[in-house]
Amino acid sequence: MIEKILEIAAQKENLNKVFAFVTESLSLLSCPQKEFMQIKMVLEELFINIASYAYGENGGNVAINFLLYPEENKACITITDSGIPFNPLEQDGPDTSLAVEDKPIGGLGIFYSRQKVDDMSYTYRDGKNILNMTKVFSR
Amino acid sequence: MELTSTVSDGKQTIALSGELNTLTSPELSAVIGTQIDKITALVLDFTDCDYVSSAGIRVLLSTFKTLKQKKASMKLINVGENFKDVLESTCLDSVFDIEWK
């Protein structure tokens, strides 16, 4: 098992640092390009969500932790922030029956993220949002 | 992100190159914004752009709504596998006029 940790300020401007971290971490597994892109996008959606809504004016940090299991080609990803409590698993997906004029634009990123990992769980503990995800990559 | 915009006979074509993400989508929004009042058709060419996150989708959706209101058209062309996956996963593949790669 290999562990990779990134802790940075939850600011949109740091997105490229998140991308570099995801790319470096997942290079230790053998990820098909499509699934790599999906996980990169999941990290963008969840990081930007925290950067946009978790903290007030004073800001705060976000920690991204990858536990990589090369033998199983598996990544366990944990995202932790100390912002306002937010459980992405409680968000409704977009209503696909609505006409385009009525479609809400928000929420698509989280809806997408939930579909692209094998498992997602949320805990609020000691003032922290802790989101755990597992992804087993195809070989 | 590199955006190449061509306007002719009321039709704007924008070729995207790079990733359409949270940091780059304001650039696309700005390029569309310069012409949106004048055009009757918008074509977005994704030949060299196959990463589109929800920030990019948001720009596409709001542009689509604006154009639809004024009875102008919008088409996404040369959509690749990864972007297709995003459109299908968010149930937007049936909303936009799309030409797959």
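**View 1. The sheet of chain A is open and has 5 strands.** The strand order is E1-E2-E3-E5-E4, with antiparallel pairing. Strands (E, at least two residues) and helices (H or I, at least four) are DSSP runs, numbered from the N terminus. Two strands pair if DSSP finds at least two bridges between them. Strand E1 (2–9) and strand E4 (119–125) of chain A are the edge strands, and each pairs on one side only. From one strand to the next, the twist averages 15 degrees. This is a predicted model: local features need pLDDT of at least 70, side-chain atom pairs count only at pLDDT 80 or more, and totals for chains, interfaces and linings use all residues. Residues are numbered from 1 along each chain as its sequence is written, chains are lettered from A and ligands numbered from 1 in the order in which they are written, and side-chain values use heavy atoms, with hydrogens and water left out.

**View 2. E1(A) pairs with strand E2 (residues 61–69) of chain A.** The two run antiparallel, joined by 8 bridges. A:Ile2 stands opposite A:Leu68 in E2(A). Helix H1 (residues 15–26) of chain A packs on the sheet. H1 touches E1, E2 and strand E3 (74–81) of chain A. Contact means heavy atoms within 4.5 Å. The direction of H1 makes about 180 degrees with that of E1(A). Axes are lines fitted to C-alpha atoms, for helices over the stretch in contact, and angles run from 0 to 180 degrees between N-to-C directions.

**View 3. A:Lys40 sits in helix H2 (residues 33–53) of chain A.** H2(A) lies across E1, E2, E3, E4 and strand E5 (128–136) of chain A. H2(A) runs at about 175 degrees to E5(A). A:Lys40 counts as buried because its relative accessibility is 8%; the cut-off is under 20% relative accessible area, with a 1.4 Å probe and protein chains only. Leaving out residues up to four places away in sequence, A:Lys40 touches A:Phe19, A:Val22, B:Glu19 and B:Tyr51.

**View 4. Helix H3 (residues 108–116) of chain A crosses helix H3 (residues 81–89) of chain B at roughly 110 degrees.** Their axes come within 10 Å. H3(A) and H3(B) are therefore roughly perpendicular to each other, a term for angles of 65 to 115 degrees. A:Phe111, A:Tyr112, A:Gln115 and A:Lys116 in H3(A) meet B:Asp85, B:Val86 and B:Ser89 in H3(B). These residues divide into 3 nonpolar, 2 polar and 2 charged. Ala, Val, Leu, Ile, Met, Phe, Trp, Tyr, Cys and Pro count as nonpolar, Asp, Glu, Lys and Arg as charged, and the others, Gly among them, as polar.

Methods. Buried < 20%, exposed > 50% of the residue type's maximum accessible area, 1.4 Å probe, protein only. Parallel < 35°, antiparallel > 145°, perpendicular 65-115°, else oblique.
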